[in-house]
Amino acid sequence: MPDGGAGRRPEALHDLASAEVEAWLQKMSEKARRLEAAELSRYVLRAPVAGWRLPVRAGAGDIELDVLVSKDFPWSVPRVAFVGEPKVGKWPHAEHDNVLCIADGVAFNPLDACGAVATVLNDAVRLVDASIAGANRDDFLAEFESYWTHLTKTRAPPVFLLMRPGGTTRVVRLWRDAVHTVAADDDQALECWVRNGEFLDARAGFKSTAALAVAVASPPVPEDYPKNGAEIVAYLRREAPEAVAMLAELADPALSAIDVILMSKTPDGGPVAAAMVLLRPKPQSRGPGRAPADPMTRGFRQVLPADVALSRFTGGVFRTAEVERADRDWIHGRDVDPDARLLASASVVILGGGSLGAPAAESLAHAGVGEINVVDPKDLRFGTLGRHTLSARAVRANKAVELVADMKRTLPHLKGKGYPIKFQKFRDDHHDVLSSANLIISAMGDWQAEGLLNAWRLAQVTKPPIVFGWAEEHACAGHAVAIVDSKACFACGMKPNGEQNLRLTRWPGPTLVNEPGCGAHFQPYGQIEISRIALTVADLAIAVLLGKVIESTHRIWAASEETLKNAGGQWSPEWLAAGGRQEGGYLSSRAWGIGVCWQCGRRAA
């Protein structure tokens with residue numbers, strides 16, 4: 001394609017690319033031809049506007065392939081279909097219209113349309129050769145969940161799985177409403193998740209049923225996908241014989257369904273799961289004036305034997321369902337993040353749920369911290385909504401309580417509680433929670449309270465690590481200080497009046513803005529400015545929890561010089577003398593403390 005083609009109108013570029021592809025294909029084979037409209041209609045769901053049929057010599061013999069392009073070509077990837085009998089479920093990566101699933105997510109040069117077509121054709125030939133030889137059968141196992149959903153046309157709602165697939169065949173617990181189905185190993189975990197996520201009204205009672213989680217050595221291939229209840233039992237007899245008796249025990253005529261969750265591993269060891277639902281046969285009409293006949297209990301007036309109940313369940317309606325993992329290991333890192341597993345057992349107390357503490361808390365929750373307790377006595381108001389993570393529904397409600405509830409709605413496996421009280425009362429009434437925390441984060445912005453917190457830590461035999469976080473005026477600079485050892489305390493870098501020894505910014509006058517009300521004022525800044533500082537605090541907190549910070553550390557965020565000047569400030573002489581860069585917009589780290597501490601008496605290193 002000539003240089004400058006990318007600058008043409010999209011339709012002109014498409015026409016040029018299509019003409020070049022057609023000429024190239026005809027040069028490749030004199031039998032290559034353009035597809036007729038009727039032939040293109042076979043691929044209507046792909047929305048092709050042009051296509052060509054090309055004879056190709058493959059390893060197994062001569063085949064024909066169709067090349068399809070959409071109106072967005074050459075910006076869209078050309079598709080390739082195998083011409084012949086349907087291969088869906090017989091060949092991996094073959095879809096219902098025989099279009100081959102190749103080159104997904106691959107970037108092509110729009111100025112080399114022929115090169116793009118050549119690439120997908122070569123990939124298609126390799127796929128066809130491997131499929132004919134049976135060399136890629138393991139692809140059905142590696143991508144089992146996709147094939148199960150695609151080929152069985154799942155009809156039941158997806159199952160959210162709260163445990164990692166695997167282990168032994170066992171009875172688990174299941175909760176469902178009209179649109180959700182959730183499974184867990186026990187009722188406690190299940191109810192906690194459902195209520196935290198607010199899938200169940202707070203006033204409603206919780207009720208679960210038993211389901212069977214079946215462990216098999218390898219996922220089934222498409223020809224073994226059960227098509228009815230009898231085939232489920234037959235499959236279980238072959239692959240997990242112990243499951244049949246357990247399934248029969250669950251066949252209670254009082255139930256409307258029996259759920260089976262199939263758990264296995266892909267060839268590379270990754271856990272996979274799928275679900276099947278056996279629906280109870282519906283009563284059958286016997287005509288006017290007569291009660292419907294119940295096919296479940298027909299012939300039995302007393303207790304229905306378990307094997308008979310199972311056989312009648314398997315004769316009813318059968319549905320398959322997709323399983324979506326909702327367990328902690330999957331949500332935090334998709335099984336490949338070792339840090340998230342370490343953080344799962346961590347407990348953090350956050351003092352202050354305002355515009356700094358709230359985003360820091362949410363960052364920790366998303367990173368995988370297992371328990372987050374938030375302490376703040378204040379309610380949320382509309383005036384702070386623009387720089388807070390909570391929504392308008394939380395206005396006039398306590399920030400700590402609402403923040404923890406909001407995080408649990410987002411991540412229902414999270415543990416923790418909101419405490420609508422001041423730090424001093426929390427220290428006195430909930431000393432066990434405070435002292436047992438793996439980390440305390442102070443975002444109170446109150447020197448009196450933070451001085452008390454520092455004094456409390458100095459008095460403890462076992463001193464928990466604390467990260468102090470705060471912003472300077474207009475949030476043009478921010479600080480995160482980790483106190484993790486006995487060599488320093490928070491006061492080592494502070495003056496007795498609460499001023500920090502090293503300030504980054506200087507201002508020509510007061511920056512607080514008064515608002516109507518007794519003693520009401522605020523520091524003006526927005527969500528974007530405070531978010532950089534919140535991330536600095538959260539990042540240092542994670543490093544402390546993972547044992548990557550072993551001595552007291554001071555991290556500093558300096559906003560850009562443009563931001564500082566727009567707010568009316570300038571860099572302080574002491575910051576510039578300490579090596580601060582005029583342009584700003586960067587994060588730095590240094591030791592905490594200057595000289596001899598007025599509170600702990602230690603000399604800074």
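## The second largest pocket

The second largest pocket holds about 470 Å³ of space. Among the 23 residues that line this pocket, Leu-162, Ala-189, Arg-328, His-413 and Lys-415 are the closest to its centre. Two or more lining residues come from each of α6 (187-196) and α10 (328-331), and α6 gives the most, with 4 residues. By class, the lining of the second largest pocket has 10 nonpolar, 5 polar and 8 charged residues.

This is a predicted model, in which local features need pLDDT of at least 70 and side-chain atom pairs count only at pLDDT 80 or more, while totals for chains, interfaces and linings use all residues. Residues are numbered from 1 along each chain as its sequence is written, and side-chain values use heavy atoms, with hydrogens and water left out.

## The largest pocket

About 1800 Å³ of space lies in the largest pocket, and of the 50 residues that line it, Lys-378, Met-444, Gly-445, Asp-446 and Tyr-525 are the closest to its centre. The elements giving two or more residues to this lining are α14 (423-429), α16 (447-459), β16 (466-471) and β20 (521-522).

## A helix pair

The axes of helix α12 (residues 357-367) and helix α17 (residues 527-545) come within 8 Å and cross at roughly 40 degrees. That makes α12 oblique to α17, because angles under 35 degrees count as roughly parallel, over 145 as roughly antiparallel, 65 to 115 as roughly perpendicular and the rest as oblique. In the contact (heavy atoms within 4.5 Å), α12 takes part through residues including Pro-359 and Leu-364, and α17 through residues including Leu-535 and Ile-542.

Definitions and conventions. Axes are lines fitted to C-alpha atoms, for helices over the stretch in contact, and angles run from 0 to 180 degrees between N-to-C directions. On a 1 Å grid over the protein atoms alone, a cavity is a set of points where a 1.4 Å probe fits but cannot get out, and a pocket is an open set with protein on both sides within 12 Å along at least five of seven lines; lining residues have an atom within 4 Å of a point. Grid points are joined across faces, edges and corners, and a volume is the space filled by probe spheres set on the points. Ala, Val, Leu, Ile, Met, Phe, Trp, Tyr, Cys and Pro count as nonpolar, Asp, Glu, Lys and Arg as charged, and the others, Gly among them, as polar.
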